[in-house]
Amino acid sequence: MAETTPQPPVQFETHPDSYRHWRLAFDGPVARLTMAVREDGGLRPGYQLKLNSYDLGVDIELCDAVQRIRFEHPEVRAVVLDSALQKIFCAGANIFMLASSGHPFKVNFCKFTNETRLAIEDASAHSGIKWIAALNGTSSGGGYELALACDEILLADDGNASVSLPEVALLGVLPGTGGLTRVVDKRLVRRDIADVFCALPEGVRGKRAVDWRLVDQAIPKSRFDQAVRERALELAKGSDRPGGPGVRLAPIAPEVTPTARRYRHVTLGLDRSRRQATLTVRGPTGPQPKTPAQFLEAGGDAWALRAFRELDDALLQLRVNELEIGTVLLHTEGDPRAVLEADGAVAELRGHWFVREILGQMRRTLKRLDLTARTLYAAIEPGSCFAGSLFEIALSADRSYMLDDPARATAVQLSALSAGLLPMSNGLSRLQSRFLHDPPRAGRLLERRGPFSAGEALEAGLVTFAPDGIDWDDELRLALEEREALSPDALTGMEANLRFAGPETMESKIFGRLSAWQNWIFQRPNAVGEKGALSLYGQKGQRPEFDWRRT
Amino acid sequence: MSMVNDEKIPNNVDLAQDKRLQRALEQWQPDFLSWWREMGPEGFQEREVYLRTAISVTTEGWAHYDYVRMPDYRWGIFLADQVPGRTIGFGDLLGQPVWQDVPGEHRGTLRRLIVTQGDTEPASVEQQRALGHCCPSLYDLRNLFQVNVEEGRHLWAMVYLLHRFFGRDGREDAEELLARRSGNPDRPRILGAFNEPIDDWLSFYMFTMFTDRDGKYQLLALAESGFDPLSRTTRFMLTEEAHHMFVGETGIGRVVQRSAELAKLSKNGNPREQGGIDLETVQKYLNLWYSLSLDLFGSEISTNAASFFGAGLKGRAKEEKFEEHVCREGAVVMEIPEQGRLVRREVPLRSAMNEVLRDGYVEDCQRGVDRWNKILAESGLSFRLRLPSRRFHRQQGVFSGLRFDPDGRQISTEEWAKRQDDWLPSASDRSYVKSLQPRAIHERGKMANWIAAPAKGIDGQPVDFEYVRLD
């Protein structure tokens with residue numbers, strides 16, 4: 001349905017003043033993020049967000065809240081995630097929204113919610129912000145998955161509050177936001193216990209939930225609020241967040257035309273007839289901050305922050321609002337030395353809370369690029385600045401084309417940020433992931449301080465092709481046209497398989513395994529056929545009819 | 001010697017031969033008795049009460065009257081007789097044989113249904129435990145205890161199902177039924193309405209009239225279940241539930257009758273001047289308990305209700321009276337709030353099953369109200385009691401969170417705050433009603449001033465019979 005009815009484009013920018021579904025309150029080192037979903041506040045018509053169930057609109061606000069806490073509230077060291085409803089924490093993704101959404105929307109919705117859960121874990125791992133899920137009531141499906149993203153889960157022990165992953169039993173799909181993976185990989189629930197839990201739609205309460213490692217504590221209701229507060233303050237003690245004034249994240253407000261989104265440092269050009277986009281990131285122009293004080297003064301206008309926030313928004317727009325764009329040509333423009341200088345300052349000062357957050361923004365945005373299911377080709381031409389953090393864009397691409405023309409020199413260069421400060425979801429740097437066959441090579445290349453010419457870059461394995469001036473246009477045109485004709489599904493699968501070589505992490509498993517299974521299940525008649533479990537859920541109380549053949 | 005035998009526990013479930021059930025009950029029964037002593041009627045455990053005990057399901061056996069001390073009451077386990085060849089009467093499995101064992105795929109759902117029903121039984125005993133100290137007569141005191149012991153037996157009925165059919169999980173659930181406590185913030189009873197104390201007799205009558213009648217409708221719906229043991233258990237419980245509603249309906253009828261008498265004695269026509277309860281206050285209590293009880297049916301549009309129906313777990317009250325039993329097609333037109341205003345919407349019939357059940361309940365309540373109004377008419381008073389709109393004062397379902405007056409008109413939060421005390425018992429109404437019941441009336445045949453005597457006694461005994469031996 002989402003595919004047949006034209007829908008207004010989804011906007012990812014919001015602000016706490018305009019939240020409809022969350023309340024964000026601050027009390028010293030502890031922030032409280034309270035879920036209070038408006039039933040009639042769905043992003044699209046046709047479903048009610050009952051029982052704190054969520055859709056993309058709810059999650060966009062959650063994502064924004066995580067960002068605000070990071071940048072605007074350096075005094076916050078712990079966040080309590082709770083619910084404004086009496087007996088419900090969160091009922092997970094809204095089933096009627098899922099059932100009425102087209103496949104691409106569903107997949108992108110799940111991908112975004114997964115990225116937001118990982119952003120919570122990233123804030124805990126890198127930024128000294130600890131998260132407590134305070135479950136005052138039923139936490140089912142995505143509700144429990146949200147709790148799983150937190151450092152600790154405290155459950156009210158009142159005979160009612162429970163945790164459950166009822167997707168398999170009730171809906172014929174998976175808990176697709178990391179639930180299965182986090183139960184066994186993060187909370188280390190024994191696999192047979194996890195099997196029982198995931199087949200138990202009514203879930204688990206109280207002591208058993210603790211015994212099974214599904215929650216950290218079950219606390220009597222009369223002591224619950226106080227215990228949550230105390231635990232949050234306790235966790236806050238271990239944080240190095242300094243306090244002081246934060247950095248306001250101003251709206252990035254691009255100029256939008258029918259064929260382009262123009263940001264200050266990024267332009268997303270759309271050629272819908274050819275199903276192609278051009279994504280250009282421009283390097284810094286004016287002087288960039290070199291001390292913590294200068295960073296704070298520049299605030300949201302620092303290039304390193306602003307450019308990557310813009311790139312992030314452009315990627316989300318592309319994913320959700322431009323479904324038919326198949327190939328993205330990645331460009332950069334500017335002075336590579338300016339990029340290297342900006343990178344150098346970020347690398348050197350990353351012990352400072354704000355610079356650390358900027359680095360985090362770069363890291364997460366580049367991961368978002370890795371996880372964007374479009375063909376990504378980098379075109380390295382004269383006037384480009386594929387250096388350091390911006391060269392990561394080329395390393396993220398499925399292929400890179402670098403012009404090799406003595407008359408119009410091109411160069412790429414590594415920086416201090418290339419050595420592992422911007423890891424992929426597999427835990428490796430993009431260089432390491434690239435040279436799995438020759439692990440020492442990444443280190444050797446990093447020792448070289450200067451630029452690589454096209455020939456050198458090709459020799460070093462940093463780019464895919466280096467056509468000369470005569471071949472360039474044809475090579476690129478052919479590569480694009482050849483790609484245009486291929487099945488978009490097969491390309492998505494092929495690219496995702498090839499991009500994430502090397503070891504697995506919880507994060508890579510969530511995307512690589514779980515999402516893949518989920519996306520397969522989401523297409524199957526057993527879930528979405530006329531008699532499939534997801535289609536029938538809540539409609540007429542009808543039993544699903546399954547194709548019993550196991551694959 | 002084991003307390004678990006046919007003599008101590010009258011039953012028709014072949015307890016003597018069922019080792020597993022015996023073992024489970026041997027564990028549970030002592031806990032039940034300590035729960036009864038701790039949370040049952042306060043101050044009357046050693047008194048002999050003229051109680052009805054079910055000793056079999058036959059016409060003679062289900063109502064056996066005698067004096068008994070409540071802790072010695074023989075809580076039994078009875079299922080209505082099995083109907084040979086019974087088939088599932090509704091939903092997707094219409095016409096298939098009923099289940100004698102729990103189907104694995106519905107195990108969790110059935111357990112939850114049984115536990116939710118079972119939890120209300122001890123809860124109401126806990127809510128009512130202090131009422132004995134302010135009873136309006138020995139007759140009423142006995143009725144209270146009858147209701148209490150039968151709620152206890154209904155707990156046994158649900159625990160039987162849990163023990164017999166749900167393995168270890170069922171045994172744990174049965175223990176938890178005794179561990180939760182009405183009104184305890186840490187171990188509350190499952191449903192909100194069962195966590196408020198009932199500490200005056202007008203509330204008790206309202207509870208037995210309206211809240212126990214919700215119980216009746218839930219039991220009627222479960223009596224249709226494709227899980228035959230549940231159906232048979234609830235069918236037998238319904239015979240006992242009828243007495244509870246009798247206590248409520250006649251109790252309110254007697255209050256109404258007495259209020260009419262006292263109104264005539266008063267110069268201003270106000271029973272309060274004569275130490276009675278004015279009809280406006282009765283109406284407010286009615287508004288409160290009726291709306292709380294409507295909530296117990298669940299939301300007007302319910303995914304759960306739809307799947308219970310589709311799966312053959314919970315039907316409609318008296319399913320055989322409906323023409324069509326699959327209900328995959330069809331819709332119910334409801335006025336429901338959207339974006340803050342009421343709009344007419346077609347709700348698929350299965351998703352509207354809570355509302356269908358509520359329809360029957362509302363009609364049933366109206367019959368009681370009509371009978372009270374007949375008393376008023378015969379007394380020559382113009383005041384009439386009435387049921388408020390279903391939208392009034394709801395805390396569950398689609399109307400919760402919005403404000404409506406008793407006529408169902410939507411009003412603002414400010415107006416609600418202003419008018420609330422006109423529609424629901426105010427703090428001063430409550431303290432007035434309680435002030436009428438400062439002590440228990442223990443003299444045989446005597447009634448408190450605010451309530452009329454019943455038309456007749458229990459089990460053919462006179463009204464001034466010694467229903468509870470207090471000496």
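Me: How many residues has helix α20 of chain A, and how far does it reach from its first C-alpha to its last?

Reply: Helix α20 (residues 506-521) of chain A has 16 residues and reaches 21 Å from its first C-alpha to its last, close to the 22 Å expected at 1.5 Å a residue. That expected span is 1.5 Å times one less than the number of residues in the helix. Helices (H or I, at least four residues) and strands (E, at least two) are DSSP runs, numbered from the N terminus. This is a predicted model, where local features need pLDDT of at least 70, side-chain atom pairs count only at pLDDT 80 or more, and totals for chains, interfaces and linings use all residues. Residues are numbered from 1 along each chain as its sequence is written, while chains are lettered from A and ligands numbered from 1 in the order in which they are written.

Me: Thanks! Where does α20(A) bend?

Reply: At A:Ser515, by about 30°. The bend is the angle between axes fitted to the seven residues ending at a residue and the seven starting there.

Me: Which residues of α20(A) are buried, and what covers them?

Reply: Among them are A:Ile510, A:Phe511, A:Leu514 and A:Ser515. A residue is buried if 20 or more other C-beta atoms lie within 10 Å of its own, exposed if 12 or fewer, and partly exposed in between, with C-beta atoms placed from the backbone. The cover includes α3, α6, α19 (488-499) and α21 (525-528) of chain A.

Me: Switching topic: how is chain A divided?

Reply: Into domain 1 (16-237) and domain 2 (255-498). Those bounds come from an automatic or database domain assignment. The domain centres, taken over C-alpha atoms, are separated by 33 Å.

Me: How many residues are in contact between the two domains of chain A?

Reply: 11 residues of domain 1 are in contact with 10 residues of domain 2; contact needs C-beta atoms, placed from the backbone, within 7 Å. On the domain 1 side that touches domain 2, α3(A) gives the most, with eight residues. That side divides into four nonpolar, three polar and four charged residues. Here Ala, Val, Leu, Ile, Met, Phe, Trp, Tyr, Cys and Pro count as nonpolar, Asp, Glu, Lys and Arg as charged, and the others, Gly among them, as polar.

Me: And how many residues does each chain put into the contact between A and B?

Reply: Chain A gives 16 residues and chain B gives 22 residues. The side of chain A that touches chain B has three nonpolar, seven polar and six charged residues.

Me: Which residues touch the most other members of the largest nonpolar core?

Reply: A:Ile132, A:Leu135 and A:Leu330, in a core of 162 residues. A nonpolar core is a set of buried Ala, Val, Leu, Ile, Met, Phe, Trp, Tyr and Cys residues joined through C-beta atoms within 7 Å. Helix α11 (residues 303-321) of chain A gives the most to this core, with 10 residues.

Me: What about A:Ala134, buried or exposed?

Reply: Buried, because A:Ala134 has 26 C-beta neighbours inside 10 Å. A:Ala134 is in strand β7 (residues 130-135) of chain A. Leaving aside neighbours within four places in sequence, its contacts include A:Val80, A:Leu154 and A:Val228.

Me: Last one: which value does phi of A:Leu188 have?

Reply: Phi of A:Leu188 is near 55°, a positive value in a residue other than glycine. A:Leu188 is in the loop between α6 (179-186) and α7 (191-198) of chain A. A:Leu188 counts as exposed because 11 other C-beta atoms are within 10 Å.
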